[in-house]
Amino acid sequence: MTPDVEFDALADELRTALLAEFGARAIYRRLARLVADPELARLLAGFEDEQRAQIDELRALMNVLGLRPVSRSRRRWLLSEVLALGSAVFGSRLALRVCVEAEQKRARWYAHMHAFLVRRGERRFDATLQHMTTLGQVHAQALGAWLANTRRR
């Protein structure tokens, strides 16, 4: 049997995406407790809940594909803590900009993964990957709008 290089690349991308989701959940949880604006805190807390569900979906997808997803990432948690602590000192705008870019990147990843699987005739994950793509776009737009509407004067 010949190795499936494309599938191995997809598996690596899924593992990377899962680690990124762990980081997103951690930063949203921490920022929700640190930001002064109650509306932003509610938004971030909601994002944390959505990230938790997204992690569960991604892990289930990986299991179906025969991959062994990790259950947590200490490194991503630590990086999120550092970013959050920096926001406590310097304000949350930088951390939120990083979150916007990360959400956009993960949305692109999921769209790419979806297209790859469709090309291979695999349609079982259409709804899951489309939802993941959309969720990243929605999070990025919401955070981007908040940043745009609260510019320093």
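Visitor: What percentage of the 153 residues in the protein do buried residues make up?

Guide: The model shown above is a predicted one, and a residue in it counts as buried when its relative accessible area is under 20%. By that cut-off, the share of buried residues among the 153 residues of the protein comes to 41%.

Visitor: Are α1 and α2 roughly parallel or roughly antiparallel to each other?

Guide: Helix α1, residues 5-34, packs with helix α2, residues 38-64, at an angle of about 160 degrees, and their axes lie 8 Å apart. The residues of this contact divide into 16 nonpolar, 2 polar and 7 charged. Angles over 145 degrees count as roughly antiparallel, and therefore the relation of α1 and α2 to each other is roughly antiparallel.

Visitor: How far apart are the end C-alpha atoms of helix α4?

Guide: Helix α4 runs over residues 93-119, and at 1.5 Å a residue its 27 residues should span 39 Å. The distance between its end C-alpha atoms agrees with that expectation, for it is 39 Å.

Visitor: What radius of gyration does the protein have?

Guide: Along its principal axes the C-alpha trace spans about 60 × 30 × 20 Å. A compact globule with 153 residues would have a radius of gyration near 15 Å, and the protein agrees with this, having 16 Å.

Definitions and conventions
Residues numbered from 1 in each chain as written. Predicted model: local features only at pLDDT ≥ 70, side-chain atom pairs only at ≥ 80, totals over all residues. Heavy atoms only, no water. Axes fitted to C-alpha atoms, helices over the stretch in contact; angles between N-to-C directions. Helix = DSSP H or I, 4+ residues; strand = E, 2+ residues; numbered from the N terminus. Parallel < 35°, antiparallel > 145°, perpendicular 65-115°, else oblique. Nonpolar A, V, L, I, M, F, W, Y, C, P; charged D, E, K, R; others polar. Expected span 1.5 Å × (residues − 1). Rg over C-alpha atoms; globule rule 2.2 N^0.38 Å. Buried < 20%, exposed > 50% of the residue type's maximum accessible area, 1.4 Å probe, protein only.
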